[in-house]
Amino acid sequence: MEKDRVAILVENVTDMTDVTDRCITPQEVTFPLESGSATIKGKAISTLKNITAASEADIVGGDHAQPKVMKTEILIGSGQVRKALTEAELALAQSGRYFQRDGRIAEVLQLPGDGSWCIKDLDELGVLHALAGLTQWMRPDNKGSLKYVDPHPLVCKMLSRVGQFEYLQVLNGLAFQPHLRPDATICNVPGYDEKTGLFGVFNVDDVIVPDAPTMEDARTALACLQGLIEECAVATPVDRSTAISAMLTAAVRPGLPTAPMFHVKAHQMGTGKSFLCQLITAFSSDKSGAPVSFPRSEGDCKNLLLSQFKRSPPVIDFDNLTSDIPAYASLCTALTSEWLEGRLLGGNTIARVSTRTLMLSSGNNVGPSADMARRTLTILLDSATEVPAARKFKRPNLMTEVLRDRNRYISAALTIVKAWVVAGRPMTECPPLGSFGQWSDWCRQPLLWLGCPDPVESVFKALEDDPERQLLGRILEGWQVRLGSGRVISRWGKT
C-alpha cells in the first residue's frame with residue numbers, strides 16, 4: 001500500500017512552503033487542537049517537543065476541523081515478524097508516552113481522579129492495547145488484497161518479554177518539578193530529559209531561578225524557607241536546619257542517586273509531625289502525600305518498597321510509628337543504593353527499580369536504631385506547651401498557601417543550591433556522612449555556607465543514643481571490670 005505524502009506541522013509556523021516538502025510515515029496524534037491556530041484536518045497540533053504528521057491535502061485553516069486519528073500502518077505476513085516488531089517499537093517510541101525500564105516497556109500515566117502521575121509497566125495485553133491505539137495492522141488475504149487486523153499477538157508477546165529495545169528511551173523516573181541534573185544545571189522543560197532519563201510532569205510558568213544567583217539571593221531564599229518552619233515547633237536551631245535540609249532534598253531528589261531518610265520525632269501527640277511531613281512533601285509534589293504504615297517484617301518491607309518504587313512516587317511517608325525504626329536490609333539498601341532488586345509479590349519476576357524517592361517517617365518517642373541511625377536525620381519537635389494540639393498559629397492555612405505558591409518555594413530551594421554551585425562549591429569542614437556524598441554537597445554544604453548549623457548533627461547524636469550501641473558498651477565495660485584489658489580465651493568470658 002502506497003504511503004501518504006505527509007507534512008510536519010510545527011507550532012507557530014507561518015509559512016507552510018517548507019513544511020510541505022517532507023515525507024514521513026503517518027503517526028497517531030492525541031493532542032488537542034487550540035482555537036485560533038492553524039489546524040490539520042484529521043490530526044492535532046503538536047505540543048512541547050511532539051510533532052504531528054498529516055496528509056498534505058489535509059492542511060486547512062480555521063477553528064472547526066474535526067480531529068481524527070492517523071496511525072502508523074504495519075504490514076504483517078509470512079516472514080515479516082521481525083520487521084513488524086521493529087515498526088511497532090518505533091511507533092511506541094515516537095508517541096512520547098512509552099519508554100523502556102528494567103527490560104520492560106513502561107508507560108507514563110496520569111491517573112483519573114486526583115490526576116497524579118505514575119509509571120506503569122506493560123504486560124502482553126498492555127502492549128496490545130497500546131499498539132491498537134497507535135498503529136493500524138494489515139495482512140494480505142488469499143486474493144492478495146490487504147485487510148485490517150488486530151495487532152499481532154506474537155509481536156505483542158515478544159515486545160513484553162524481549163528485554164532489549166533499539167528505539168525506546170530509558171526511563172529512570174518522574175520529576176514533579178524543575179530539578180538539578182548531576183552537572184548542577186537545572187532542567188526546567190517538562191517531558192523527557194535525555195541527560196537524566198527523567199520524565200518531567202510539571203508547570204514551569206512561575207519557577208524562576210537566576211542563572212547566576214549570589215549569596216544575597218541565597219540568603220533571601222533561605223529566609224523564605226525559614227518563614228515556613230516558624231509555624232513548626234522545632235526544638236533547636238539544629239532541628240530547624242535539618243527541616244530546611246529536608247526541603248532542599250525534596251526539591252532536588254530526582255537528581256540525587258541516594259539520600260537519607262528524614263524522621264520527625266516528638267514527645268507528645270498533636271505536635272505537628274504529620275504536618276511537617278506534608279510541608280516537606282510539597283517540595284516534591286503538588287499532590288498531598290498518602291502515608292503508609294511501617295512494615296512489620298523484612299519480607300513485608302521489601303514487598304512494599306518494590307511495589308512503591310515501581311510507581312516512582314515522589315515521597316514514601318511512614319506515618320505514626322509506634323516503635324523504633326528497625327534496620328531492615330531492604331530499607332537500608334534502598335537508602336544507600338540507587339537501585340533495589342527483588343522478586344515481585346505473587347510471581348517469579350525479578351524487578352530492578354530506582355530508589356530516587358524521598359523517604360519520610362514520624363512518631364512519638366521513637367527513632368532510628370542500629371544501621372538506620374546513620375541513614376536517618378531526625379527532626380525533633382517540642383511545642384513547650386501542655387496541650388500541643390491547642391496551639392494557635394499565625395498562619396493557620398499554611399499548607400494551602402504552600403500548595404498555591406508551591407513554585408515560589410521550589411524556586412527558593414533551587415536558588416540556594418544553585419548559588420552555592422555558582423560560588424565555586426565552597427566546602428565547609430564537617431564530619432563525612434558515608435554513602436551520601438552528593439546529597440551532602442547539595443543539601444548540607446549550602447546551608448553550612450550560609451551559616452546554618454550542621455543538619456547532620458542529629459545522625460551522630462542518634463549513633464551515640466542507639467540502644468544496641470549502649471548495650472554493647474555496657475557489655476564491654478563489664479568485660480573489662482571482670483577480665484581486665486589483657487588477652488583471654490573466649491570461653492573464660494562465660495559466667
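User: What covers the buried residues of α4?
Analyst: The cover includes α5 (237–252), α6 (273–281), α9 (398–404), α10 and α12 (445–449), where cover is judged by contact, meaning heavy atoms within 4.5 Å. This is a predicted model: local features need pLDDT of at least 70, side-chain atom pairs count only at pLDDT 80 or more, and totals for chains, interfaces and linings use all residues. Residues are numbered from 1 along each chain as its sequence is written, and side-chain values use heavy atoms, with hydrogens and water left out.

User: Which residues of α4 are buried?
Analyst: Among them are Ala-218, Leu-222 and Ile-229. Buried means under 20% relative accessible area, exposed over 50%, and partly exposed in between (1.4 Å probe, protein chains only). Helices (H or I, at least four residues) and strands (E, at least two) are DSSP runs, numbered from the N terminus.

User: Where is Lys-418?
Analyst: Lys-418 lies in helix α10 (residues 406–422). Its side chain reaches the backbone oxygen of Ala-184 at 3.2 Å.

User: How many salt bridges are there?
Analyst: The count is nine, a salt bridge being a side-chain nitrogen of Lys or Arg within 4 Å of a carboxyl oxygen of Asp or Glu. One of them joins Arg-444 and Asp-454, with the closest N and O atoms 2.7 Å apart.

User: Are Arg-444 and Asp-454 buried or exposed?
Analyst: Both Arg-444 and Asp-454 are buried.

User: What about Glu-87 and Lys-83?
Analyst: Their side chains meet in a salt bridge (2.6 Å, N to O). Glu-87 and Lys-83 are four residues apart in helix α1 (residues 81–94), and therefore separated by about one helical turn.

Key:
A polar contact is a pair of N or O atoms within 3.5 Å; within protein, one must be able to donate a hydrogen and the other to accept it, and residues adjacent in sequence count only if both atoms are side-chain atoms.
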